[in-house]
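This report walks through the contacts and the fold layout of the structure shown below. Keep the 3D view open while reading.

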Amino acid sequence: MIPQPLVRAEGLSVRYGARTALQDLSFEIPKGRVVGLLGHNGAGKTTLMKALVGLKTAQGRLQVLGMDPVRERVALLQSACYIPDVATLPRWARVHELIRLMSGLHPRFSAERARELLRRTSVGLDDKVSRLSKGMVAQAHLALVASIDARLMILDEPTLGLDVLSRKAFYEMLIDEWCDGERSVLVSTHQVEEIESLLSDVMMLNEGRLVLSISLEDLDRRFMALGHDPAVADRIAQAHPLLRYRGAAGATALFDGAPPPDIQALGQRVRPSLVDLFVALTRKPELDRRHF
Amino acid sequence: MTSSWDDGLPIYQQLADRLAAALLDGNPPEGSAMPSVRALASQFLLNPLTVSRALQALADAGLLENRRGLGLFVVPGARERLRASERERFLSTEWPRLRLRLKRLGIGAQHLSWEDSR
């Protein structure tokens with residue numbers, strides 16, 4: 001039997017009045033994945049996340065953990081958790097009070113586990129939220145949410161405004177304490193390069209459309225980047241790369257699918273980075289002066 | 001955060017190379033258990049699936065074996081096998097490039113010291 005994906009969307013669309021925020025999205029998120037959701041501001045990332053937890057009504061078919069997010073929202077939120085980009089913890093509360101609050105609110109929350117996770121951080125149980133740094137608040141929030149025995153976590157820009165050490169600590173906790181091969185995470189961020197190595201899959205949204213939804217394993221196979229000498233740039237350009245850019249290996253051309261062997265022989269194969277692929281698929285490269 | 005991975009090879013391949021280099025240094029020793037996927041994912045801050053792919057590549061190369069219920073172990077003879085393939089790789093691909101560079105720079109055997117600089 002093929003295991004049920006945690007999320008299954010078919011022809012998903014969301015409109016705000018006359019404006020289409022999401023158009024005809026079809027994708028699946030199986031268990032045990034870390035899916036990066038990339039998109040420029042206004043591309044529809046937050047709208048998609050809201051639709052997944054039933055905060056936004058969508059047209060089309062959408063099943064999350066086998067449920068209809070709008071009609072079965074209460075049941076869904078027992079096993080799916082969501083930290084929105086505007087999430088805040090009450091500033092007046094102490095951390096141990098938040099644990100007690102969560103124990104009362106959520107049937108699958110484990111106070112013991114929350115205390116255990118918080119021991120890994122510099123957040124103390126008696127600390128007041130208002131006295132914590134931004135990075136500590138984010139970690140406390142993740143610790144609370146990761147203490148829910150859930151199967152899907154949805155994180156909207158969880159590390160926005162955090163310094164590099166706090167971001168690292170946040171992702172360490174996510175990988176160590178959440179990813180167990182069964183549970184999945186959907187995480188949106190603008191810091192693509194930082195989380196690339198954490199991801200198993202990537203979804204790219206551009207103006208409400210899903211322009212790519214692929215596992216990184218397949219991405220390595222499908223896209224080919226060639227580092228090459230600037231002298232052969234014209235011949236490379238004739239093979240119609242998706243994008244030409246200056247990478248770590250110098251002039252680089254990105255192809256969807258392998259170019260002909262004579263073109264491949266002009267350069268050296270390098271790993272296409274998610275950022276470059278994102279740029280290639282979400283804007284017209286000829287309009288971007290940074291890329292030749 | 002990702003500065004430890006270059007953009008040459010896929011990340012799983014880079015991790016496999018690093019783990020192989022550690023095996024060559026006897027870490028972990030032959031016959032011992034490899035660290036778990038989760039431990040490696042945590043150590044390198046990598047997706048567990050990427051770690052699994054790297055371990056699978058090492059198993060496919062005959063360096064690790066799966067003992068049912070116990071996980072992956074370093075195969076006896078793995079270091080010798082690795083050393084042989086690394087020597088082969090050096091002699092067939094790295095040495096010709098190095099030789100070319102030495103010739104360009106006019107460096108001969110008499111200019112090279114075999115003493116450890118430390």
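In this predicted model, the contact between the chains takes 22 residues from chain A and 17 residues from chain B. On the chain B side, two helices each supply at least two residues: helix 2 (37–44) and helix 3 (48–60) of chain B. Which of them gives the most to the side that touches chain A? Helix 3 of chain B does, with three residues.

Next come the domains of chain A. The domain assignment gives domain 1 (7–207) and domain 2 (221–287). Their C-alpha centres lie 34 Å apart. The two domains touch: eight residues of domain 1 of chain A are in contact with five residues of domain 2 of chain A. On the domain 1 side, helix 7 (192–195) and strand 8 (201–206) of chain A each supply at least two residues. Strand 8 of chain A gives the most to that side, with three residues. The domain 1 residues on that side divide into four nonpolar, two polar and two charged.

The table sets out the two sides by residue class.

| Domain 1 of chain A, touching domain 2 of chain A | four residues | two residues | two residues |

Now the sheet. Three strands of chain A form an open sheet in the order 2-1-4, with antiparallel pairing. Which strands sit at the edges? Strand 2 (19–29) and strand 4 (59–64) of chain A do, and each pairs on one side only. From one strand to the next, the twist averages 25 degrees.

Strand 1 (residues 7–16) of chain A runs antiparallel to strand 2 of chain A, and seven bridges join them.

Helix 1 (residues 45–52) of chain A lies across strand 1, strand 2 and strand 4 of chain A. At what angle does helix 1 run to strand 1 of chain A? Helix 1 of chain A runs at about 120 degrees to strand 1 of chain A.

Key:
Residues numbered from 1 in each chain as written. Chains lettered and ligands numbered in written order. Predicted model: local features only at pLDDT ≥ 70, side-chain atom pairs only at ≥ 80, totals over all residues. Domains from an automatic or database assignment. Contact = placed C-beta atoms within 7 Å. Helix = DSSP H or I, 4+ residues; strand = E, 2+ residues; numbered from the N terminus. Nonpolar A, V, L, I, M, F, W, Y, C, P; charged D, E, K, R; others polar. Pairing = 2+ DSSP bridges. Axes fitted to C-alpha atoms, helices over the stretch in contact; angles between N-to-C directions.
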